[in-house]
Amino acid sequence: MFISDGLGGDVNEVRWIGLSKARDLFEKERAIFIDCRSDHIFASGSIPGARNVSMERVGNWGIVDALGRELIHEMLSTRRHQLIIVTSQVATPYSRCRAFCRYLLRAGHTTLPAARFRRLRGGIFGWKHKGGPVTQMLAYHGDEPYPAPPPPPLEVASRLDGLLDATGALLLPPAPPPSDLIDLRSPTTPAVMREVAKIREATPGLTVRQVHRRLVAQGGELLDPAVASASRSKVKKAASKVTKSALRLRHELGTENDTALAEGVAEC
């Protein structure tokens, strides 16, 4: 069994191991190497035979599910007399390999004492710099599909029940109908121009402030109710465009009707 006893050893008792000593143990196959970097960084280059147990998986699934039965069996049974060397990218005093060792120690100091762990000094960066062997995942080309990611542990999968459909896609709540969003739209300038032209045709000589008040007062009576939410600056901009468009298009359209002129501009 690999059950936390609620105690755990002190992570400060975990010692460092030099690159030369670690390589000697690697060549003699007398150590278990665990790489706690992220999956995509691990794929870019790692120590051959090292097990990738990223801190992201530990945080999401817990240390037991992240390690898996096979690795736990090796650590506690078939290779129980070997050191466990934890590696990260650079291995600073407070890097993720220290946090990973703390998780393992909390799982039970009677089965995994601090004396059995080592942190690789210099991390993978130092290992490569000293000429240590490195393996990389094969690249995929053409139409060859990428391998499917490993399935989550059973406990994690059970928590996803009811959240996924038959194809494995995440079930999302239905989107609200468009009618519920109509008042949230920002009115377009052509729509504001039409309403401004109608008001000015009915009551010439109104100021921008007065036109804006009438738009707000009319509200749902407008062809586009969203125009009632237009800001005063937008109404001013629309009024200016109506005036300029009327002067420019009055001769082309052959009409004195500002509403017709504004509608003609809106269609352009």
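Two residues are in contact when heavy atoms lie within 4.5 Å of each other. Keep that in mind for the packing described below. The model shown here is predicted. The protein has 12 helices and five strands. Of its 268 residues, 36% are buried. Count the contacts with a separation of 6 or more: 69% of them join residues 24 or more positions apart.

Start with the sheet. Five strands form an open sheet in the order β1-β5-β4-β2-β3, and the pairing is parallel. β1 (15–17) and β3 (51–52) are the edge strands, and each of these pairs on one side only. Strands of a sheet pair through backbone hydrogen bonds, either parallel or antiparallel.

Now look at β5. On one side, β5 (residues 117–120) pairs with β4 (residues 83–87) in the parallel sense, over three bridges. Ile84 has Phe117 of β5 as its bridge partner.

Which way do the residues of β5 point? Phe117 and Arg119 point one way, while Arg118 and Leu120 point the other way. All four are buried. In a regular strand the side chains alternate between the two faces of the sheet.

Next come the helices. Helix α6 (residues 96–106) lies across β2, β4 and β5. Helix α6 runs at about 170° to β5. Which residues of α6 are buried? They are Cys97, Arg98, Phe100, Cys101, Leu104 and Leu105. These residues sit on the same side of α6, because they cover an arc of only 160° around the axis. What covers them? The cover includes the strands β2, β4 and β5. It also includes three helices: α3 (55–61), α4 (63–67) and α5 (69–78).

In soluble globular proteins, nonpolar side chains tend to be buried together.

Finally, turn to the cysteines. How many disulfides does the structure hold? The structure holds zero. Cys36 and Cys97 show why. For Cys36, the closest cysteine sulfur is in Cys97, 5.7 Å away, so the two are too far apart for a bond. A disulfide needs the two sulfur atoms within 2.5 Å. From the side of Cys97, the closest cysteine sulfur is that of Cys36. Are these two residues buried or exposed? Cys36 counts as buried, because its relative accessibility is 0%. Cys97 is buried too, with a relative accessible area of 0%. Cys97 also belongs to the list of buried residues in α6.

Notes. Residues are numbered from 1 along each chain as its sequence is written. This is a predicted model: local features need pLDDT of at least 70, side-chain atom pairs count only at pLDDT 80 or more; totals for chains, interfaces and linings use all residues. Side-chain values use heavy atoms; hydrogens and water are left out. Two strands pair if DSSP finds at least two bridges between them. Helices (H or I, at least four residues) and strands (E, at least two) are DSSP runs, numbered from the N terminus. Axes are lines fitted to C-alpha atoms, for helices over the stretch in contact, and angles run from 0 to 180 degrees between N-to-C directions. Buried means under 20% relative accessible area, exposed over 50%, partly exposed in between (1.4 Å probe, protein chains only). The arc is that of the directions from the helix axis to the C-beta atoms.
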